[in-house]
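Colleague: I am new to this structure. Please show it to me, and then I will ask about the terms used for it.

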Amino acid sequence: MSDKFLFQNAKIKSLETKLLSSQNVQRLLDCSSVNDAKKTLLEFGFGAGLTMDNSVDAVFEQEELSAVNILKEMNVDGALDSFLLECDYLNLKVLLKSRALSDKGDAAVTLQGIYDVDTLKAAIQSMDRSLVHSFMADAIEKINKMIADGIVTPRTIDTIIDKAMYENILSIVRKDKALKSYYVHKIDYLNILSFIRVKKFSLDERFFEESFVDGGEITLDKFLGIFNGESEALKEIVKSTDYEGLVSKVLENGSLVQYEVGMDNILLKMWKDNFNDMFSVAPIVSYYITRRTEIRLAKLIVAGIKNKVDAELIKERMREIYA
């Protein structure tokens, strides 16, 4: 048993006390204006060093940057590279879409993972494979060729990047049981969501196949085997799996929002269940995902306040950050 995460996890325990409580969330929901919400967020410690003179967007950007920087600080021997790669691949999407639309590829990017943005830009513009992971280089080459041929779409970029990202991530977490299980479950949940969405909107089999991500427990052939049947057939391929409960619940009410919320809650719980294992990455990952989730939650609430959305509708879309 390695003790290399003991120091990092001890620090995480102290940081956990600063996470939002259910009372904090309710107080934010009770705000009557965006300015009020910004003031409340600053009181909670969001946007350290910022003031009411800064925009609420600046407050959120500061928090997201802080969360990623803490992850980098805790990243012993590259154990947390998979989560940083998620930032890199998201940046690639932004930069490649910008290149497809304007041929510049210089869109603003705030969060940097393993690679700084200049390196990603150079990899896109020069197609120098030595600058990035081979999975990333393959995706860049494929998309650049499609851009040159004039056949690329934003959805195409999303699907190619997502496939490359999960293939890349699975290649580096294969020896870590907890990380591998997390990403295999995440891939399955996303493929199930894609299947439900495609069926709900009567899209064709090819549309689903194009967006399917390999690496989960539920293979493509299982989905295709039930594609032309009723949506209820999905219950058969998830029977006796970890996905059965959420799928059954969502097929009953048809709510994609409920599925997405439930999926995020379950994936976070996978880490929270092992939060006290001081010899693993679980406390760090649990804190990081919780931190990013509460930022998303705060953004959701502020957007709801700005657009005068009923508080109950906001609550339906809120992920769990405590418990």
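Colleague: Is the crossing in which α5 passes α8 right-handed or left-handed?

Modeller: α5 passes α8 in a right-handed crossing; right-handed means that the near helix is turned clockwise from the far one by less than a right angle, and left-handed anticlockwise. This is a predicted model, where local features need pLDDT of at least 70, side-chain atom pairs count only at pLDDT 80 or more, and totals for chains, interfaces and linings use all residues. Residues are numbered from 1 along each chain as its sequence is written, and side-chain values use heavy atoms, without hydrogens and water.

Colleague: What makes α5 roughly antiparallel to α8?

Modeller: Their axes cross at roughly 160 degrees. Angles over 145 degrees count as roughly antiparallel and those under 35 as roughly parallel, so α5 is roughly antiparallel to α8.

Colleague: Why are α2 and α15 called roughly parallel?

Modeller: Helix α2 (residues 22-29) and helix α15 (residues 282-306) pack at about 20 degrees. α2 and α15 are therefore roughly parallel.

Colleague: Which residues of α2 make the contact?

Modeller: V25, L28 and L29 of α2 meet L297, A298, I301 and I305 of α15, contact meaning heavy atoms within 4.5 Å. By class, this contact of α2 with α15 has seven nonpolar, no polar and no charged residues.

Colleague: How do you know that the reach of α14 is close to the expected one?

Modeller: Helix α14 (residues 256-272) has 17 residues and reaches 24 Å from its first C-alpha to its last, against 24 Å expected at 1.5 Å a residue. The expected span is 1.5 Å times one less than the number of residues.

Methods: Axes fitted to C-alpha atoms, helices over the stretch in contact; angles between N-to-C directions. Helix = DSSP H or I, 4+ residues; strand = E, 2+ residues; numbered from the N terminus. Parallel < 35°, antiparallel > 145°, perpendicular 65-115°, else oblique. Nonpolar A, V, L, I, M, F, W, Y, C, P; charged D, E, K, R; others polar.
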